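Reader: Hi, I'm new to this one. Can you show it and walk me through its charged pairs?
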Amino acid sequence: MRHSRRQHRIVLAAFSRLALTTLCTVSLNTLYAVSYAAAEENAEYIELPIDEYDREHWAFLPIEKPEVPKPADSAWRRNPIDDFIEHELNKRGLNPQPQASRRTLIRRLSFDLTGLPPTPKQIAAFESDTRDNAYERLVDRLLDSPRYGERWAQHWLDLARFAETDGFEHDKLRPNAWKYRDWVIDSLDNDLPYDEFIRLQIAGDEIHPNDESALTATRFCLSGPDMPDINLADERRHTVLNELTSTIGEVFLGLQVGCAQCHDHKYDPISQADFYRLRAIFDPAVSLKKDRSLSTLVESFPSKQPSHLMLRGDFRSPGPELNPGVIRVVSWEPNLYSPKPSATTAGLRTALANWLVAEENPLTSRVIVNRVWQHHFGVGLSSTPSEFGVMGSEPSHPELLEWLAATFVQRGWSLKSLHRTIVTSATYCQQSRLAGDATVVERDAWKEAKKLDPRAELLSRYPRWRLEGEAIRDAMLVASEQINWKTGGPGIRPPLPKELVGTLLKNQWNVTEDPSEHHRRSIFVFARRNLRYPIFEVFDRPSANTSCSSRGVSTTAPQSLHLLNSEFSLELSRKMATTIAKEFASEPQRIESAFQRTLGRAPTQEEQREVQDFMSASKATNAEKHAHLCLVLFNSNEFVTVD
């Protein structure tokens, strides 16, 4: 375990003050506990300076764009990403896999960029497209689709701890929270540069006064849980500000600054004063009213109350007064944070936003390109996307991360450009499983890759991944042709099981009156903080009480039980069967259509035979037989897995 000189100095100071006589038998962790206890007992705070050693950690170093390596065999490559990956693979005696089939690629790319399966017609069109740039044209079509913003907005909303209610006991409604969700979707669809995306969410009201869209963007800051009816207003304010400050550190800097609420960070060179200086930036802008849900930032200018470090993180124990400021270990240029007051604002948040996206800040671009990579490959180049500190994972391909971060900024912070670079690489296009007609040499290479790169961390093949609950629901709606493409507006409330409604307070889930609304995309389903929609919950949707950088992926009995027995699954199975029956007359055609709609391929001869045997043996009506087939396909592992 690595400890900074800061922590060593704290421990040595504790030795001196307490005159310990049995130091040789005291564990290091015990010494830390003693030292912090001593500091608390003295009720005195002394901040240690940042030194060169503190900045030696890889994430705190300035970004320097590396040279692209030149592997011996460049026939496989498509862009510089492949040069970095192949260089690392060759050093370990590994080779990348060949390109996946076109059917696999369009399904992978469609789910990845839009969260939706390709239709049988789209698959057929791509497979028959003989143009050299057919794949690149497919990428552009998907990135230009409005479905792209709906897909990638959900990744951001996980980070933003978005919900349309407050949480806690009463979980009261936030009537206009949905406007922030729609703002995120529109921003991503329009490829708003990421630096501006950040600036608007932190200081949109300062940057563009009287602009409703910019004000909506600042809802990011107050999207966390809140208890409007709490008796102690000071405690509520303290909790909200601390949660906001911690989220800013996690989401934009990839640092767990929240660990410094009560004492200096145990591992990273982040002091308690760093935390409260960062918090002080938002002090004048958080205006809370009893029994009123949080909305947007409203700055009190000039600020009438000073900001303090809270001793031991206790809102009742204000310590030294602090001026607003940023995390020192990230600030290679000490004067880079420089607020410029105007007639209506102190400019504190605008200065923070500018500091976050400044060229001298080494973290912001690293963090976002790692997040984007994570959603394309299942895991980031650093596997701890919101923890770039000492306790985080070092990148598997550090030079590639640096190249991506530097290139991202040079290309104007364009997220779509970053997506395009990643998904057009040969690395992304690799097959994820061994082809059935593989040669002996290919099989031996596959075995070696599985042995030396068992979890595909080195990307010796494309890593398979399972769909999220939202994508599974949307795929079922698309396959059954029941999806409603209407966008925007307040979240819709589809019917819930009676036993689940019984756990809620009155009027907490009033079903949307128009039944056609129930089949809108999952991102438009009402996001209640204390209740996750059933299919989302069983497939690991995170709690909206904290920022989530990486969803868990579990395999549980309730998942299969829900897909097999829920009214939603049964309804869509019947409607899909009815739709297919109207389109095709023969049994083999209907079976093939069911496979194409759900799995994106025709059934094998063995599968066709097994299904027809089932149809012959079953005593159900033809409609019921086909509905059962659709239900089985919805429950197959292949339906919820992307190769």
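Author: What follows is a short chat about salt bridges. This is a predicted model, where local features need pLDDT of at least 70, side-chain atom pairs count only at pLDDT 80 or more, and totals for chains, interfaces and linings use all residues. Residues are numbered from 1 along each chain as its sequence is written, and side-chain values use heavy atoms, with hydrogens and water left out.

Reader: How many salt bridges does the structure hold?
Author: 42. A salt bridge here is a side-chain nitrogen of Lys or Arg within 4 Å of a carboxyl oxygen of Asp or Glu.

Reader: What does Asp 83 meet in a salt bridge?
Author: The side chain of Arg 77, at 2.8 Å, N to O.

Reader: Asp 83: buried or exposed?
Author: Buried, at 5% relative accessibility. Buried means under 20% relative accessible area, exposed over 50%, partly exposed in between (1.4 Å probe, protein chains only). Arg 77 is partly exposed at 29%.

Reader: New topic. Which parts of the chain does the pair Glu 206 and Arg 349 link?
Author: The closest N and O atoms of that salt bridge are 3.4 Å apart. The pair links distant parts: Glu 206 is in helix H9 (residues 194–207) and Arg 349 in helix H13 (residues 348–356), 143 residues apart. Helices are DSSP runs (H or I, at least four residues), numbered from the N terminus.

Reader: And Arg 349, buried or exposed?
Author: Buried, with a relative accessible area of 1%. Glu 206 is buried too, at 12%.

Reader: Which residues do shared partners join into one network?
Author: Arg 147, Glu 150, Arg 473, Asp 474 and Arg 521.

Methods: Helices (H or I, at least four residues) and strands (E, at least two) are DSSP runs, numbered from the N terminus.
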